[in-house]
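Subject: A structure for you to look at

Hi there,

Here is the structure I promised to pass on. Have a look at it first, and then read my notes below.

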Amino acid sequence: MFSVATLSVWLLLGVSPSVARESHGHISVVLLGATGDLAKKYLWQGFFQLYLDEVSNGHTFTFYGGAQAEPERGQKQMFDRLKRLTCRPDVTPDRCAMLKDQFLRLTQYRQLKTAEGYAALSEEIATMLREEGLKEAGRIFYFSVPPFAYAEISRHIDSSCRPPPGAWLRVGLEKPFGHDLKSAQQLAGELKTFFREEEMYRVDHYLGKQAVAHILPFRDQNRNHLDPIWNRRHVERVEIVLKETVDVKNRTGFYEEYGVIRDVHQNHLTEALMFLAMELPANVSSAEDVLRGKLQTFQTLRGLDKRSAVIGQYEGYRGHVKEELQKGPNYFSRTPTFAGVLIHLDSPRWEGVPFLLTSGKVLEERVGYVRVLFKRQAFCIQNETAWDSERSPCKPKQIIFYIGHGELNSPAVLVSRNLFQPVLPGEDWKAASDRPGLRLFGQPLSEYHAYVPVQERDPYTVLISRIYHGKKESFITTENLLAAWEFWSPLLDGLAGEFPRLYPGGLQNRDLLDFEMAGGEVSFVVKEALEVMGAEGEQTPDRYQTLQSRFRQNQLVTAWPEELIVRLASDLEAAAAGAVERAGQFHLALSGGSSPLALFKQLASHHYGFPWKHTHLWLVDERCVPLTDPESNFRNLHDHLLQHVRVPYYNIHPMPVHLNRRLCVEDDKGPELYAGEIAAWVANSSFDLVLLGVGIDGHTASLFPRSPVGLEGGPEVVLTESPVKPHQRMSLSLPLINRARRVSVLVMGKSKHDIVTLVSRVGQEPHKWPISGVNPSVGHIAWYVDYEALFG
């Protein structure tokens, strides 16, 4: 017998009881993790859509939400979401309300924590079927839970909750499917003990996205046009791109373990690559033929190493890690949030064609696309305005499977008009309306045969329907999964010791993440990538020696503070030895402030071979206080260095700030005296080395933002005004500093992170940020920045 509720819904749907009695059977759907984020955002809506699509097609349904929460709390959380379910626009409000009410009546919450809970659920399903007089057709279990829970849940299902013989079992599994090849093999082995291969549906929601799902059908339906050009002789390159504007806040624990390559490249982008590069099977609807084609394509992929990729990390990531994972101040993550990977295939069709797989967080736009760019071999005599968009061989030729978002804000298939007019199924795709002013990949929309879906569908809705229909070609098999991990694991191992390039995020990235191909390798166009110079053996943050790279197009050295000072002191000694060998003397100009004090101590305590006898010490800047005052830069230099080393008295050159018992009075002409002394002692007034610092406002020496003197031409030594006491200062000017053979900029401490970040991006604007005006005309500049100043 059918229940009153079951009969009433069939009557409301216009299905007669006689037809209803010919039911194809009953489907029980169990959503595990029913109160989690994924279930709330996508899965419940997907199962409701499945009910809308299939309730009048012969099957009956019940839905169970399973979680570990207590029944009262779990049921409230689940039904709060179910009340917000929606119907497609083509469903009338009355019908939608009726179906939604029926779906809620057919949905129950179950606390599923133990084998007994699963056994009780199975018994409840059997009892309901007996009472309703229904035969069970199958059960769907959807795992929206962390993978570490898969084995235990699978054991409970296999031992206590399988459907009876004659009914099928289908298990939807959410990624991640392992962390590397070894863990993927282990997880696959565990699942294999409980489920047969045909029962497992590993979900990659990208395979439910309409543009991605249509790649193989598009190739199949347009074989006549594509067969002659879908090869290395005609294709210039292939781009598979997923860009996002969001960060990973609140997902940092997951990202710190997986990173962008495991999260996106190893699965989403790889599946798109397979659909593009595989040999087209005779039957693209055959799961076996598609899988065979994918596995054959994996065999042709050329192996990857760290030269095949560039990686980056957005600047706020480290702060998210510290905040969410309670990491200490000395923790530095090497997890990439951006990666561009170059892939080649060693196959007759694709040899030599670069496939570029790119994805990242906190980029300038949210967009996903697969782009096949064809070669242009013609040279057109007429100018561009005369080119015929339908036939001209000079216009760009490309096919784009536009996954979504971006300027188009819709899935689409785009084919350049000078290629061919494609065939697309009219029931699924329609011609896109022209949008004047919109340009995609260098061409207006009118230059494409452009098609958009007749009706956009959420990928989870698509994949849930395909699990129900048993369409395995839309899912990841065990062989497919392990082949993907086998391909990607060597690259992940090779990148484990690499430090990703930091990028600010959004539009501020500018060209910082642009990369180029050369000789089968990729590298950033702007050469500012950080490379770890690690200690022997395992590279952990506490064993980093230094980081060497580029900062403002100049040398960057960064390390922990103590190691940074050791490196700077060694570099100073090497510069001194070179100058003495070259000219017999070394002229060193030193800034004031607290940062150099550790350097003075290091030089005095450890560098006994320093050529002090031939060294002249000058001041870059000085406070207008007596030289014996604790605020005096010279006093600090004396107390921390001069009294500990043997520098000839006449080689010490303090700034004349205290003349005629007065401090920095213009009439005493102290700046002119110091400039004259420099000219007399230093050839061409060109110091061998100038050591500078950076203030949080961007000042350097005692040259402050918007200073009326010292930033451009004029006197070589100037009197300046500081915004903090003591206000009066004497300083070398930027033109004099920029005459030096070598400039070293020492920046230390977390308080300097913001100015370091800002200065890394600005141009040469000394009136705003005086440090940006330091640019030796013929000399060399090196930045010594500790980790906290660089990374925050």
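A helix here is a DSSP run of H or I with at least four residues, and helices are numbered from the N terminus. Please keep in mind that this is a predicted model.

With that in hand, which helix gives the most to the lining of the second largest pocket? That is H10, with five residues. H10 covers 215-221, and helix H9 (210-213) and helix H15 (459-469) also supply at least two residues each. The pocket holds about 850 Å³ of space. Its lining has 30 residues, and those closest to the centre are Ala213, His214, Pro217, Asp428 and Arg466. By type, the lining splits into 14 nonpolar, nine polar and seven charged residues.

Gly670, Pro671, Tyr674, Ala675 and Ile678 are buried in H20. Looking down the axis, you will find these buried residues within an arc of 135 degrees, so they line one face of the helix. What do they pack against? Their partners include strand E25 (615-619), strand E31 (717-721) and helix H21 (734-737).

Last, find Asn509 in the loop between strand E18 (501-503) and strand E19 (515-518). Is Asn509 buried or exposed? Its relative accessible area is 5%, so Asn509 counts as buried, the cut-off being under 20%. Beyond its neighbours within four places in sequence, Asn509 is in contact with Val362, Leu363, Tyr503 and Pro504.

Enjoy exploring!

How values were computed
Residues are numbered from 1 along each chain as its sequence is written. This is a predicted model: local features need pLDDT of at least 70, side-chain atom pairs count only at pLDDT 80 or more; totals for chains, interfaces and linings use all residues. Side-chain values use heavy atoms; hydrogens and water are left out. Buried means under 20% relative accessible area, exposed over 50%, partly exposed in between (1.4 Å probe, protein chains only). The arc is that of the directions from the helix axis to the C-beta atoms. Contact means heavy atoms within 4.5 Å. On a 1 Å grid over the protein atoms alone, a cavity is a set of points where a 1.4 Å probe fits but cannot get out, and a pocket is an open set with protein on both sides within 12 Å along at least five of seven lines; lining residues have an atom within 4 Å of a point. Grid points are joined across faces, edges and corners, and a volume is the space filled by probe spheres set on the points. Ala, Val, Leu, Ile, Met, Phe, Trp, Tyr, Cys and Pro count as nonpolar, Asp, Glu, Lys and Arg as charged, and the others, Gly among them, as polar.
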